[in-house]
Amino acid sequence: MLITENILLALAGLKSNIMRSLLTMLGIIIGIASVIAIMTVGNSITVMVNTQMQEMGANNLTVGVSAKSTSEESTTSGLHFGAGNRRSMDTDDYITDDMLDTFLDEYADNIKYTLLSSTVGSGTAVDGDLYAYVNIVGYNQDYMDYTNLDLLAGRNFIEQDYENAQKVCIVSDYFVNNMFSGDTSSALGSAIEVSIDGKYYTYYIVGVYEYDSSTWFSDSTEDTTTDMYIPYDTARNQLHTMNEGYSSITLVTTIDTDSESFADTVESYFNTMFYSNNEDYEVTVTSMASMIESMTTMISTIELALAIIAGISLVVGGIGVMNIMLVSITERTKEIGTRKALGATNGSIRLQFITESVVICIMGGLIGIVLGVVLGSVAATYMGYSASVSISAIVVAVAFSMAIGIFFGYYPANKAAKLNPIDALRYE
Amino acid sequence: MAAGDIMLDLRDIHKSFFIGTPNEFEVLHGVNFTVHEGEFVSIVGQSGSGKSTLMNIIGALDRPTSGEYTLDGVDIEKAKDHELSILRNKKIGFVFQTYNLIARTNAIKNVELPMMYAGIGRSERSERAKMLLEQVGMANRMMHNPDELSGGQKQRVAIARAMANDPAIILADEPTGALDSATGRLIMDIFHRLHEEQGKTIVLITHSPELSQETERIITLRDGDIKGEADGRWAEIKEELSC
């Protein structure tokens, strides 16, 4: 009962001196607003990155050949570049087709796709005055299935294209716009010549896919480079890497497979079966899920560090509140004396002033939350992320501003409670 | 003269203040007096006579250095600090020279305050506060804040507030000291009415011998000692003053 009375009293007090109340709250407002803004931006980035990476495939495992870490080096994890007198990676160290086939036979139930790709390079297709920038990538059949291109015209690669390493390609509608003024039917079946570092490659267009310009890293201009797909073996032929094996393979696991634990299984399978005799290199398997996790952890750590710095301004704000509470108590010494004469106990005086300080802080906190959400959303949107407000941050902010109110209000309130009623009554 | 139960009983009250070691300054040198229920008593003294100190002790705002003080059967000596708070809340109604209304708080809320500290419910509180304000003729000013009231009006609100928890005694410290004579008269009339009609025990503290004549009994304080007790002229002037 006394609490409601005190809250009403505190609100009336705030209203009667709006300017002072606002200035007092300002520290809390700025503190809470910056914490919330940072959390909102951080949260937006996390959500965005997560979605992007999920889209890239949460079931993906990257199987790669990497240098074995010796015991001395394991302490300085990660940085193997220029590590002493290690011999550099040779094609002998690569994963061979035989290894891959043995492995796939063993774990066929767990693997949906085996993605193999080989990048020929970025170049320019030229036809008279017309030109378009392309990035030529060779995909195997699994990879094309997995990518699931949105074909506007023509066909996808067929088995003969893969087996015979046909010089066929699938280009973007964007490419067709540049090279054939958007005339898809005349584009299909046409031969185009692409120059990469002075070498010329010729392909026949069999299909046109819709270029997805909505992804975050793309901005469509005249000179946008789009992907041109060719069969995997076509690319390997042109790069003369036909029988070299693979330094890196991407596996897509089935939905039922726990990709993180499967990553360990794959890693130990390859290393026991094929790499036990290799002194310098081994296979490491990274799951996209664990990459997402470490990415999220990294963002949260940065976010937390920034929020703590912003939180310092909250402490400054709290000191401001304490200062004003001390002034207010001095001003109201006579009132405190009167209240004591009318029967207020020390406890009720203390409660009155702590309530007042908590009310100031929570009001400041609420204004700060609104301001922070607005600022954070604007910043996130401006940076190109869709704003996502962190609810937990809001809950923490309210609790924290309340705690500041109690912490910084206690000393002044206790001082008021301990005033001698006679001295307080006589105070002018 | 009314002679009910003993309401205030002070025996050999001493009060000293330390004014830095080794000096000790005694303000009250053994004060003895009794106030009965329903009495209207005045304590008169010049400034420096110790009447403020005495008032603080009567009002349970301060403790005597030695001596015994019983208020409505409660031994003040033995009461703890928070018990003194409850005592002030329930047994004493203060009326100050400077009104001491709570700023930015309207008349009715001011009157409700002692009831709030007594833990009385909201609706009962506001009902009683209204009733009390009506009694002192402030029914039409209940929602006004102190800064919108004249001195006399403020003092009337303060009297209503003093009556809030139906105290054992009303302790009025120079209640007309800051008012002009006409308004002062009005305030004194309210005290008389409370005394006559409701049988309230009232202790009036004043420096004015003239005002003290309006009470039933006058206790004169000089240099920390009671220099005499005399009957006031209230019985005589009652007829001409009563409205």
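**Two chains, read with the definitions in hand**

Biologist: What sits just after helix 3 of chain B?

Modeller: That is Gly119(B), with a positive phi of about 80°. Before we go on, this is a predicted model, in which local features need pLDDT of at least 70 and side-chain atom pairs count only at pLDDT 80 or more, while totals for chains, interfaces and linings use all residues. Residues are numbered from 1 along each chain as its sequence is written, and chains are lettered from A and ligands numbered from 1 in the order in which they are written.

Biologist: What scores does the model have?

Modeller: Its ipTM is 0.93 and its pTM is 0.72. For chain B, the average pLDDT (the predictor's confidence in each residue, from 0 to 100) is 91, and 97% of the residues score at least 70.

Biologist: Why is residues 107-117 of chain B called a helix?

Modeller: Because helices are DSSP runs of H or I with at least four residues, and strands are runs of E with at least two, both numbered from the N terminus. Helix 3 of chain B has 11 residues, and 11 of them are buried. Among them are Ile108(B), Lys109(B), Leu113(B) and Tyr117(B). The buried residues of this helix pack against helix 1 and helix 12 of chain A, and also against helix 2, helix 4 and helix 5 of chain B.

Biologist: What makes Phe262(A) count as buried or exposed?

Modeller: A residue is buried if 20 or more other C-beta atoms, placed from the backbone, lie within 10 Å of its own, exposed if 12 or fewer do, and partly exposed in between. Phe262(A) has 20 C-beta neighbours inside 10 Å, so Phe262(A) counts as buried. This residue belongs to helix 9 (residues 259-273) of chain A.

Biologist: Which residues is Phe262(A) in contact with, leaving aside its neighbours within four places in sequence?

Modeller: They are Leu61(A), Asn110(A), Thr253(A) and Thr257(A); a contact means C-beta atoms, placed from the backbone, within 7 Å. Asn110(A) is 152 residues away from Phe262(A) in sequence, with 8.4 Å from C-alpha to C-alpha.

Biologist: How many residues of each chain are in contact with the other chain?

Modeller: 15 residues of chain A are in contact with 20 residues of chain B. On the chain A side, helix 11 gives the largest share, four residues. That side divides into six nonpolar, six polar and three charged residues, where Ala, Val, Leu, Ile, Met, Phe, Trp, Tyr, Cys and Pro count as nonpolar, Asp, Glu, Lys and Arg as charged, and the others, Gly among them, as polar.

Biologist: What makes a group of residues a nonpolar core?

Modeller: The members are buried Ala, Val, Leu, Ile, Met, Phe, Trp, Tyr and Cys residues joined through C-beta atoms within 7 Å. The largest such core has 112 residues, and Ile36(A) and Val203(B) touch the most other members. Helix 2 (residues 18-57) of chain A gives this core the most, 12 residues. Beyond four places in sequence, the contacts of Ile36(A) include Gly368(A), Val373(A) and Ile394(A). Another core, of 51 residues, lies apart from the largest one and includes Tyr113(A) and Met144(A).

Biologist: Why are strand 7 and strand 8 of chain A said to pair?

Modeller: Strands pair if DSSP finds at least two bridges between them.

Biologist: In what sense does strand 6 of chain A pair with strand 8 of chain A, parallel or antiparallel?

Modeller: Parallel, over five bridges, with Ser172(A) opposite Tyr209(A). Strand 5 of chain A pairs with strand 8 of chain A over three bridges in the antiparallel sense.

Biologist: What makes strand 2 and strand 5 of chain B edge strands?

Modeller: Four strands of chain B form an open antiparallel sheet in the order 2-1-4-5. Strand 2 and strand 5 each pair on one side only. Strand 1 and strand 2 of chain B are joined by 10 bridges, with Leu10(B) opposite Phe33(B).

Biologist: How do you know that both faces of strand 6 of chain B are covered?

Modeller: Ile92(B) and Phe94(B) are buried on one side, and Gly93(B) and Val95(B) are buried on the other. Strand 6 runs parallel to strand 7 of chain B, joined by four bridges, and Phe94(B) has Leu171(B) as its bridge partner.

Definitions and conventions. Contact = placed C-beta atoms within 7 Å.
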